[in-house]
Amino acid sequence: MESIKDKVAIVGMGCTKFGERWDVGIHDLAIEATYEAIEDAGIGLEDIQACFLGTVTAPVLGVGGGLVSDALKLRDIPIIRNENWCTTGHIALMEAAMSIMAGMFDVVLALGVEKLKDTGYPGLGTGRGMHPVLEARRTAPGSFGMIAPAYFKKYGLSNEEGKKLIGQIAVKNHHNGSMCPKAHFHNEITLEQVLKAPIIAWPLGLFDCCGNSDGSAAAILTRSDMAKSFRDDPIYLKGVGVSTDSMLPHNRPEFGWTSFGAMVKSSQMAYEHAGIRNPREELDLAEVHDCFTITELAIYEDLCFSPRGGAREDIESGFFSLEGGLPVNVDGGLKCFGHPVGASGIRMTYEVYKQLQGKADKPERQIKNASRGLSHTFGGPPQTSAVAIFGNEKG
Amino acid sequence: MDYKLTFKDYADALTKGKLLGLKCNNCGKITVPPKMACQECGETDLEIVEMNKKGKIVTFTKVNVAPEGRENEIPYIIALVQLEEGPWIMGNLIDIDPEKATMELMDREVKVGFRVFPGDKYSPGNQPRPLFSFA
């Protein structure tokens, strides 16, 4: 298998304000993100040769590419929609990259858009998972909540110690997001607030859960040998990885519930493409899938940012803070920036792209000399995980 | 290809207090609830076996915010249980006030019963589902 490193570049990106966007429709969100992306790339809509669209809930059936063909006047080109739970945005990016590597197109749009608030999806589902005999009233918080007792027990933490540990992740992400103009929330929170918040799915409280948001993000991709004809500072795709495990934990006995094969394998795949051997040292920032605080903790270990069982020490030493050795979720993450499902992978990539260009929206948020960044989404547990790695120079 | 154990037969048995699984004639592992192929090796040569309905809690959560239409059931505990025969199954835990759930539930031994849960507009009607109580 050949490495995909440096074959594709991103030359323009856009991202809407995330939040409760009752003020606009889904078409407006797509326009808001795409117009920023094409302006950033210095192209027009007519230059887009194909669109890879990621959206999950909106409207679940029969949306196809028609969702954006009118909005973006993309009436005569392929518009290909995907849905792959929380990795949907990343899948759109990867499809776009693959179409360029296959030589089909030179300039394509990867677009993620979600109008979560008025499509009736509260993130709780039916509790059944499309299986008639399995319903246990499991919700998304319930699914991820079950990581916590297993992890706490394995590493000898009481529930109180564990809650304090993961609570620090929420405090960090709100601190980072409070500086982001486009984030859903802008408030700092305290550990005490996290610990006193109402329980959603034990032991996860309100502040352990991410925001349910509307939003959209877009990327213009091209062949890397053409990238500098668009801009002086394109961002190169170094590697991608996707892995899908079982949808139902029943079918994966003994997997431990503290580590997820899909996260391990997708990241290893991406590291291999990118030639990264020690992500903890070689990455300058990471945007990861903090749908719940406990998920971000599991990611630290599965993506090899921390050794097994070492997340606690790294959280307590501030290793993942803005000033730490590997800043994680520097724009606030899903927790504070928000999680419009199909847009999230591209929103994370937007932050990595801006940081690697040295163009973070506020100077106090800029990671100094950032040259390698990672974005990651995870639908599950233990389902699907997607990782993409970017760099600001070839090689 | 045959469905060795249909959802209907599985559900009917559960309503009579029997928890059925499918034992793989290739690798010996057991699949519960039924699936058309072995969850371990993918083989379709399976035979119906009866579980002894004993297991232990491997992880759990307490749900305070329910899926749409289930609001009247909160709070409730969802437990993931490893059966003595190997498979993991998920269900609700009774015998404890959910608000008093702590880490002490981990590894607790349970037995498997059932409760008939009401259907909704997305289901074929009432369904029995595993329910755990302390052994």
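In the predicted model, A:D245 lies in the loop between β8 (235-244) and α8 (261-274) of chain A; helices (H or I, at least four residues) and strands (E, at least two) are DSSP runs, numbered from the N terminus. A:D245 has a relative accessible area of 17% and is therefore buried, where buried means under 20% relative accessible area, exposed over 50% and partly exposed in between (1.4 Å probe, protein chains only). The C-alpha atoms of A:D245 and A:P381 are 8.7 Å apart in space, although 136 residues separate the two in sequence.

Residues are numbered from 1 along each chain as its sequence is written, and chains are lettered from A in the order in which they are written. Local features need pLDDT of at least 70 and side-chain atom pairs count only at pLDDT 80 or more, whereas totals for chains, interfaces and linings use all residues; side-chain values use heavy atoms, with hydrogens and water left out.

A:N173 is placed in helix α6 (residues 159-177) of chain A. Its relative accessibility is 1%, so A:N173 counts as buried. Apart from neighbours within four places in sequence, A:N173 is in contact with A:D290, A:E296, A:V328, A:N329, A:G332, A:K335 and A:C336, contact meaning heavy atoms within 4.5 Å.

Between the chains, 35 residues of chain A are in contact with 41 residues of chain B. The buried area, that is, the accessible area (1.4 Å probe) that two parts lose on being put together, summed over both, is about 3400 Å² for chain A and chain B, with carbon and sulfur atoms giving 62%. One salt bridge is found across this interface, the rule being a side-chain nitrogen of Lys or Arg within 4 Å of a carboxyl oxygen of Asp or Glu. A:K153 forms a salt bridge with B:D107, with 2.8 Å between the closest N and O atoms.

On the side of chain A that touches chain B, α4 (140-145), α5 (147-154) and β5 (199-201) of chain A each supply at least two residues. The most come from α5(A), with four residues. The residues of this side comprise 18 nonpolar, eleven polar and six charged; Ala, Val, Leu, Ile, Met, Phe, Trp, Tyr, Cys and Pro count as nonpolar, Asp, Glu, Lys and Arg as charged, and the others, Gly among them, as polar.

Chain B contains an open sheet of three strands in the order β2-β1-β3, with antiparallel pairing; two strands pair if DSSP finds at least two bridges between them. β2 (30-31) and β3 (46-50) of chain B are the edge strands. Strand β1 (residues 20-24) of chain B pairs with β2(B) over two bridges, and B:L22 has B:T31 in β2(B) as its bridge partner.
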